[in-house]
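Good morning, colleagues. Please bring up the sequence and the structure so that we may go through them together.

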Amino acid sequence: MTPSEDADREQDEAPEAAEPEAAEDQPAAEVPAEQAETPAEDDAGAAEDQPAAEAPAEEPASETGAEPAEDQPAAEASPERPEPAPKDGEKKDVVPGADLEPIAIAEERELTAEERAAREAEEEERRAREAAAAAAENDDETIAPRTVTVPADTQIQATGKRKSAVARVIVRAGDGSFEINDRGIDEYFKSSQHQALARQPLVTSGYESAVDVRVRVHGGGISGQAGAVRHGVARALTALEPELRPDLKRRGMLTRDDRRKERKKAGLKKARKRPQFSKR
């Protein structure tokens, strides 16, 4: 081959070798580096932003899904459960204090000797009133009215006692008058209880309108004097009619009631009340 042919052949091959290099460089020129990186970054940013955009949509869904689940038991709750308290501003017809718990009452304090004595006296008086009322009812039920005849010259004396009171009784034939210390029984004994107590033996035996009673009583108080008068009248009636003794004895009219106030002791304020202790 001649030198001219070799030169032509090199010229023909040179463009062919240059063309592949240009073809290889062409893609790098057509796709710049910024454009090549932008889609990747956009894809990554879109991928990162996608959960953030979907998160608000999922949160309300989760919240809305949880609320019915929580509200469903409240709707299906049994009526035995207490109703919720009304909100502020709402009014409901409720009895005041219905929700309050009962308060335990503290035990009663220990009574002093004076208070115990007063309570015992009240209890004794109450029992006496009840006994008198019961005796009056029994008398009306068990004793039938009868006609009693007393001799005109009858005069019986007897003595009755109760506490510190002493009554001297005189029973005579009469029409049923009753005098105590030259006064009528209604004037002397203001209480109907004391009047009934003094007349009880006469009402029981049926001599209420058949005899006259005169009494001289002294000592003690009104209650003691009424008991002494009853005791004396009952004794006089048993002397007038001995058959009355079992009935009057059974009713306790012939028994001398020896109950009385206890005497005061030295060093005490009353019978049993002691002075209050003082350390200083």
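Predicted model: local features only at pLDDT ≥ 70, side-chain atom pairs only at ≥ 80, totals over all residues.

**Salt bridges and the sheet**

Let me begin with R272, which forms a salt bridge with E262; their closest N and O atoms lie 3.1 Å apart. Both residues sit in the segment after α7 (245-250), and the pair, 10 residues apart, links distant parts of the chain.

R272 counts as exposed, at 62% relative accessibility, whereas E262, at 36%, counts as partly exposed. E262 also meets the side chain of K265 in a salt bridge, at 2.4 Å from N to O. K265 is partly exposed, with a relative accessible area of 25%.

How many salt bridges are there by this rule? The count comes to 14. One of the pairs is R126 with E130, where the closest N and O atoms are 2.5 Å apart. Because these two residues are four apart in helix α3 (residues 113-142), about one helical turn separates R126 from E130. R126 is partly exposed at 31% relative accessibility, and E130 is partly exposed at 45%. Salt bridges link R126 and E130 in a network with E123 and R127.

I turn now to the sheet. Five strands form an open, mixed sheet in the order β1-β2-β5-β3-β4. Its edge strands are β1 (155-162) and β4 (183-184), each pairing on one side only. Strand β3 (residues 178-180) runs antiparallel to β4, and two bridges join them. In this pair, E179 stands opposite G184 of β4.

Finally, helix α6 (residues 222-240) packs on the sheet and touches β1, β2 (165-173), β3 and β5 (211-218). The direction of α6 makes about 145 degrees with that of β1.

Terms used: Residues numbered from 1 in each chain as written. Heavy atoms only, no water. Pairing = 2+ DSSP bridges. Contact = heavy atoms within 4.5 Å. Axes fitted to C-alpha atoms, helices over the stretch in contact; angles between N-to-C directions. Salt bridge = Lys/Arg side-chain N within 4 Å of Asp/Glu carboxyl O. Buried < 20%, exposed > 50% of the residue type's maximum accessible area, 1.4 Å probe, protein only.
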